[in-house]
Amino acid sequence: MSTATLAPAPHTATIQPARVGLAATVSQSFTMAYRGLLKVRHTPEQLIDVTFQPIIFTLMFTYLFGGAVSGSVGAYLPLIIPGILAQTVITASVVTGVQLREDMDKGVFDRFRSLPIARIAPLAGALLADTVRYVVATTITFLTGLVMGWRPGGGFGGVVLAGLLVIVCAWALSWIFAYIGVIARSATFVQGVSFMVLFPLTFLSNAFVEVDTLPGWMQAFVNVNPVSHLVSAVRTLANEGLVTADVGWTLLSAAVVVVIFAPIAVRAYLRKA
Amino acid sequence: MNTNAIEAQGLVKIFGDNRAVDGVDLTVRTGTVYGVLGPNGAGKTTTIRMLATLLRPDGGEARVFGHDIAREGAAVRSLIGVTGQYASVDETLSATENLVVFGRLLGLSARAARAKSAELLEEFSLTDAARRPLRNYSGGMRRRLDLAASLIARPPLIFLDEPTTGLDPRTRNQMWDTIRRLVAGGSTVLLTTQYLDEADQLADRIAVIDRGTVVAEGTADELKSTVGAQSLQVGLAEADDLGTALSLVQQVFGAAGVVAPEGLRITVPVPHAEAVADLLVRFRDAGVSIDSVSLDKPSLDEVFLTLTGHAASDDGPAVGSTENTRNDTEKVTA
């Protein structure tokens, strides 16, 4: 029995300032992100939606619609790869909310809340760790496309910028799902509601088809859908190496989402945490 | 220097129309073990969660080492460790990873966090299982890890919420030893329990809590003296005699006997020694055959019965309550 281990530290030494400083908050958020990655390492099945799903979707949609939409599979690839990318990575951001809800329902969350750490750290850490998932999904989708014969004209730089844009958007959207995760009663509910939001957003866009093939009323929605701007921006970046106005619209949409949802997610989270 | 680790006055927590905690006062001196004793749903966990800044009180106030729990939450959190009745560790991570993450959050460097984790795992005899995922841990190992995680920052005040609920007797004894060592090292411990002998064994002072209020407070001996000096235990040979035996007890002692769960043993406080002889004679006259007779010092069970008018186990099973039960919704059953 080492008394040194169990003996309490002198009181004065353990009292910390009432507010946690910025440097400590950042460091604690990274520790929480590290915890998220440890969990992924122990349960790699968490990565199925960002590894196998992009491969299967890319193969499936390309061979299914390639002939009908673009005349051939090869001609469809420049159209579909950016579309699949946007859909997969945005869908991956739902997991932020689902896992946050699962975490908050567990006993370990009480320990985080009873530690003298920044209260925002568990939320910030979750959002940080999930960017790794987006990077995985982006890389795998691009690789699948390349293997299938896609040769992006934008070169390496264009593809990387396109990937970054998608990751930024997914991160912005994950604030919406984080908010749903905080206020929802169960993880199943988070999943259900999130997909109800996501399916119209991702499918009612130019991700899989040319907009001018759609009925007029649907075109109206598709043209204002931020996902369409994202897909267009990714297409021109990856296929032509060009930065178009769509990049601006996409970043603006992402910023609007963050400006609206980050504060309400944080507020709801701090009220519960 | 303030010598009280906890001072709480009139704490109230309301869930819906249920006053889960209804005006609890507590004073815990630094360096002591304070037991909060009560059945399931009495408001023990809710009280701890308020003191640990996990729940905001709806009324009253409390200070931990002089820091107000509502206004100085961060200061309070830097002085406490909390071990819940559910495992407050990460199931998917290994023991080492759990402790390293908590250590890093508390501001230790990566190296210091690993060293501290190794030291605590050694202390709690978990070194062999350090790399195993927690889902393969036994209940006792999980509790030990949980307690180890509460001690990383060496907090001067430790909350233990039902530390031995659901543990087998051997593991429970180990946990008791650990708690005793903690106190020997100078920590203050507030522990809740529904096991009367646990409070008796460990706590310097005990608050008996029932339906959200403190119904009695004092040392174990003080509480016991409220029910009289001794109690009589009579073991019946035939379960059929129970009704007759109980009515005779009522007649001779003027008090109702408590029947043990198996229905063969009656316990009753003894008003005066003469009465015991009278009772045994009446038993023989009535043809009630007895198996055993003993005179015992009162147990806290009887204290509880006397104070609250119902047995401690009225509100549900005393053992085997699930570890994962989150008690923010704990209900006061009538």
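**A chat about strand β8 of chain B**

Trainee: Which residue in β8(B) is the bridge partner of B:D161?

Mentor: B:T192 is the bridge partner of B:D161. From β7(B), the chain passes through helix α6 (residues 169-184) to β8(B) in a right-handed β-α-β crossover. Right-handed means that, with the strands pointing away from the viewer, the path from the first strand over the helix to the second runs clockwise. Helices (H or I, at least four residues) and strands (E, at least two) are DSSP runs, numbered from the N terminus.

Trainee: Where do these numbers and letters come from?

Mentor: Residues count from 1 along each chain as its sequence is written, while chains are lettered from A and ligands numbered from 1 in the order in which they are written. This is a predicted model, where local features need pLDDT of at least 70 and side-chain atom pairs count only at pLDDT 80 or more, though totals for chains, interfaces and linings use all residues.

Trainee: Which way do β7(B) and β8(B) pair, parallel or antiparallel?

Mentor: Parallel, over 5 bridges; two strands pair if DSSP finds at least two bridges between them. Strand β3 (residues 33-37) of chain B also pairs with β8(B) in the parallel sense over 5 bridges, with B:V33 partnered by B:V189.

Trainee: And is β8(B) covered on one face or both?

Mentor: Both: B:T188, B:L190 and B:T192 are buried on one side, as are B:V189, B:L191 and B:T193 on the other. Buried means 20 or more other C-beta atoms within 10 Å of a residue's own, with C-beta atoms placed from the backbone.

Trainee: New topic: how much of chain B is buried?

Mentor: Buried residues are 48% of its 334.

Definitions and conventions:
Buried ≥ 20, exposed ≤ 12 C-beta atoms within 10 Å, placed from the backbone.
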